[in-house]
Amino acid sequence: MAFLDIEHLEKSFGPMKVVKDFNLGIEKGEFISLLGPSGCGKTTVLRMVAGFETPSTGAIRIDGADMVGLRPNRRKIGMVFQAYALFPNLTVAQNVGFGLKIAGVNRTDADARVAEMLALIGLSDLGPRYPFQLSGGQQQRVALARALAPRPQVLLLDEPLSALDAKIRVSLRTEIREIQQRLGITTIFVTHDQEEALSISDRIVVMHQGIADQVGSPYEIYNRPSTRFVANFVGTLNVIEAEVTDPAKGHVRIAGAAADLGRALPSGKVSLAVRPEMISLGIHPGRETVLDGTITDVHFLGSVIRLKADIGAAVLAFDTFNATDAPPPKAGARVQLSLSAKDLLLLQD
Amino acid sequence: MTRIGAWIALAFGLGYFALPLIGMTEFSLKMRRGVYSFDAYAKVLADPRFQETFGYSVFMALMTIAFGVLLVVPTAYWVRLKLPRARPFVEFVTLLPLVIPAIVIVFGYIRMFNTSSFLPLTGTATGTNLLLMFGYATLSLPYMYRAVDTGLRTIDVATLTEAAQSLGAGWTVIIARVILPNVLVAVLSGAFVTFAIVMGEFTMAALLNRPAFGPYMQLLGANRAYEPAALAVIAFAITWACMGLIQLVTRFSKHTKAAR
Amino acid sequence: MQPPTPAPSRRRLSLDWLGIAPFVAFVALFLILPTMNIVLGAFRTPAGDYTLANVRGLFTPSIMASYWISIKISLASAILGCLIGFSVAAAIVLGGLPKWIRSPMLTFSGVASNFAGVPLAFAFLATLGPVGLVTVFLRTQFGLDLRMMGFSILSFWGLTITYLFFQIPLMILIITPALDGLKREWREAAAILGATGFQYWRMVAFPILFPSILGTLALLFANSFGAVATAIALTGSSLSIVPILLFAQIRGDVLGDPHLGYALAFGMIVITGVANGLYIWLRARSERWLK
C-alpha cells in the first residue's frame, strides 16, 4: 500500500462528472504532477485530497488513515495556491508562522521554525514585510514556506507558477524541486504546462476529461505515450498517415518510403507519430527510412533550429543543432530526411 | 447553520425596510374612517401650497442640475486633461460638503451674503433663490463630481480632444459636442441624485425662508395627521424613481456599448 | 531676472489653472468662505477681537448636554447600523443565499440610504408613533403598550431607530464590496493550515475588514450627527440635539449670543471633521493591504 492512496475517486457537479474512476498510489517522498488542459479534473482531484470538495465516491488515504469526511483543517496537508493567497494583514513572518500558531507551538519553537523556513526560501531579510511589498515570485515562495512550516504529511501545489513571469517560473520550479527533495516531502503538483511537469516530476499523471490517461515517469510519458491525447498534449508531435502493406510483419509505406515497424498492425491505414528530434536532416546510419521533402519554414531558436519540411503526405517539424560550419537549409531547398522505424509511435484513438 | 443565520439577517433587514414603508402607506390611506381611501392624497394634491412648493422645488432642482453640469463637466474634464496634479485637491474639495453639515454652510451664507455685505444676495427674493440654488449645487457636488469623473475615466479624454482639435473644433464645441455626449449617462446619474436631494432638502430652504417642498412637508407634518403620510409616500416614490432612472440609463448605456 | 527657459512653461501652467478658475471661485464663495466665516466668528467677539470665550461658552451644562445626546444618538445609530448592515451584507455575500437576491437588495439600499429627511420622519411616525401601524398592532393583538413600556418615537431610541433606516443601507452599500474582496483562497489557506472557521474570522477576515468597518462607523457617525431635517420633523424641538439647537439659534438667537452660535457650529465641524478624517485614514489603510 502506497503512502497516499486514491482509489476509484469520482466527483460529479450536478449532471457533470468531472472526475471518473481516478486511481493513484503515491510513495512517500514522491513528486507527482497532475497534467492536463483546463477543465480536465486535475484541480478537482487536488481539492478533494485537500478536503475542499467531497468525493461522490471513492477513497483517499494518507499513511493508511481515511481522509474522506475529515475537515481540511484536520488533514495535516500543506497547500500552495495559484493566486498566492497570502494573508494581506499579516507580515511575511506571521504568514509563515500562521499554521504553527494554530497548532499551539510555543513562541520560541515557532520563531525558530519560521526563521528556518525563511532561510530555506532565501528570504530571511523579508520577515517583517507585508505581502503587498513583495514581488509575485517572492510571495509564492512565502506561500510555499507557509505551507511547509507545520511539517505537513503531503504538499499540494495548485498551479503555483502560472501567475508568474516566464523567467521566474523556470527558476522557481527548480527551487521548488530542490526544496521538495531536500525535505523529502510527498508532493502533488497540478499544472497545465507540460514542460513544467516533465522537468520536475518523479511521475506524471496525464488527465483528460476526468480520466487519468497515463501514469508514468516523464521519460515514459514523453517517449511512449499510450494514447493519441497524451502524445499530442505532451511535447510536439508529427502525425503521419501511413499505408499498411503487410499487417502481419508490420510493414508500412510512408510518402513512398518503406518502414518496418516489426509488430503486427491492423490492415488499411494507421496514424504514426514521431517527435521532431527523432528526425535527422540528411542520411544517417541506423535511420533507415529516408524521405524526400522541401523546406517550408526555418525557425532559429538559438542552440536548436526547428525546421519544417513538406514530404507530400504531411509537413514534418524536425530539429537540428546550431553549428558554425553548417548553416541551416533555406526555405524551398530540397532535402532528405531520415528516421528510424523504432521511433515511430502507433497512435490509438 | 450559516444559511439559517443568513436568512434571519436578511429577513430582519427586509422587515426593517418594509415596515415603515408599509406603515406610511397604510396610514396615508386611513383618512376616511373605517375604510381605505385616497382622500389624503386628494387633499394634498388639491392644496395650492403643495402645487406651489412642489413646482418651486422642481424648478430649483432643474436649475441646480443645469448649473451643476455647467460647473462640473468642464472642471472635471479640464482636470483630467491638463491638471492631473490638481486632482487630489479638487477631489478633496468636492468631498467637503459631506463633512461640513449643511446647516453650518447655510449659517455661513446668512452671515456672508446679508444685506450689509459685499454681495447682498439675501436682500431680494431672486438673490435668495440664486443663493439657495448655489447651496443645492454645493450639497450635490460630491455626487455630481464623482459621477462625471467616473464617466470621464471610461473614455480617452486626451485622444478625443486631440481628434476634435485636429478637425478644427474649439473648446466650447469640444466640451458640448464631444465630451458631454460621451459622459451623458454619468451626467444623468448625477442629475437624478441631485434631483432627489433638492426635492427632499429642508434645512437650507427653511433657513433661507424659501417656499420649497421640504419646509412645506415639515409644516404640514406639524399640523395634520394623514396628509404627511401621503407626502412621505410621494417623496419616497420620487426617490425611488430617481434611483430607478439611474439604473435604467446605466443599463441602457451598457447595452449600446455592447452592441458596438 | 529669471532664466529664460522656465518662463514659457510657467505661463502655460498659470493658463491651465485658469480652466478651473470658475470652480475654484464657486467653492471659495459658497463652501470655503462661508465655513471659514463661521469658524472665525467662533473665535471673535462682537467687536471683532480674537477670543476663546465663545468656545469656552460651549462648556455650559445645557450645551454640553446637547452635544452629549447628539453624540450618543449618532454613536448608537452608527454602531447598530454597522452591526445590522454588516450582518445583512454578510448574509448576501457569504451566507449562501440565492444569487438573485443581491442586486435588488443593493438597489434598494441605494434608495433607502437616500430616503432621509422629513418624509422619513413621517414614515416612522406612521409606523411607531402613538397611532402608528406597529404600535396599534402590538396593542390590539398582544396587549403590549409601547408607551407604557417607556418607548416614544420622540425619544433617544425613537430617533436612533429612525436614523437606522438610512444608516443600515449605507453600511450595506459600503461594506459589500469589502466582503466581496475576501478571497476564497484565504479561507482555504487558513483551513488547510489547521484553522477553524472561527480562527479564520478572528485572525484573517476580521482584521482585513476592520479598517473598513471602523471607517464606515466614522462615516455613519458623521452622517447622523449632521442630520437636521429628520430630527426636526420627528421631534419638533422636544429633543435638544445640537443640529436642532443650532437651527433654533439661527432662526431666533435662542442662546442670546450670536457668537456662541458660531462656536456651536464650529463644534459640529470639528466632530464631523474628526469622524471623516478617521474614515479617510482607515480606508487608505485597508486599501494599502488589498491593492
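Predicted model: local features only at pLDDT ≥ 70, side-chain atom pairs only at ≥ 80, totals over all residues.
Two pairs of chains touch, and the pair with the most contacts is that of chains B and C. Chain A and chain B do not touch, their nearest C-alpha atoms being 16 Å apart. Chain C is in contact both with chain B, through 70 residues of chain C and 73 residues of chain B, and with chain A, through 21 residues of chain C and 24 residues of chain A.

Between chain C and chain B, about 6,500 Å² is buried, and carbon and sulfur atoms account for 83% of this area. No salt bridge is found across this interface, whereas seven residue pairs, both members at pLDDT 80 or more, are in polar contact across it. On the side of chain C that touches chain B, the greatest contribution is that of helix α2 (residues 21-42) of chain C, which provides 13 residues. By class, this side of chain C consists of 52 nonpolar, 15 polar and three charged residues.

The interface of chain C and chain A buries about 2,100 Å², with 71% on carbon and sulfur atoms. One salt bridge is found here; it joins the side chains of A:Arg47 and C:Glu188, with an N to O distance of 2.6 Å. Five residue pairs are in polar contact between these two chains, again with both residues at pLDDT 80 or more. On the side of chain C that touches chain A, at least two residues each come from α9 (184-192), α10 (197-225) and α13 (258-290) of chain C. Of the elements on this side, α9(C) gives the most, with eight residues. The class division of this side is 13 nonpolar, three polar and five charged residues.

The largest share, six residues, is provided by α4(C). Thirteen of the lining residues are nonpolar, six are polar and five are charged.

Two cavities of 30 Å³ or more are found. The largest has a volume of about 40 Å³ and is lined by C:Ser70, C:Ile73, C:Ser74, C:Tyr163, C:Ser224, C:Phe225, C:Ala227, C:Ile241 and C:Pro243. Two or more residues of this lining are given by each of α4 and α10 of chain C, and α4(C) has the largest share, with three residues. Six of the residues lining the largest cavity are nonpolar and three are polar, and none is charged.

The second largest cavity has a volume of about 30 Å³. Its lining is formed by B:Gly68, B:Leu71, B:Val72, B:Ala137, B:Ser140, B:Leu141 and B:Met144.

Technical notes:
Residues numbered from 1 in each chain as written. Chains lettered and ligands numbered in written order. Heavy atoms only, no water. Contact = heavy atoms within 4.5 Å. Buried area = accessible area lost by both parts, 1.4 Å probe. Salt bridge = Lys/Arg side-chain N within 4 Å of Asp/Glu carboxyl O. Polar contact = N/O pair within 3.5 Å; in protein donor to acceptor, adjacent residues only side chain to side chain. Helix = DSSP H or I, 4+ residues; strand = E, 2+ residues; numbered from the N terminus. Nonpolar A, V, L, I, M, F, W, Y, C, P; charged D, E, K, R; others polar. 1 Å grid on protein atoms, 1.4 Å probe; cavity = no way out; pocket = protein on both sides within 12 Å on 5 of 7 lines; lining within 4 Å. Points joined across faces, edges and corners; volume = space filled by probe spheres on them.
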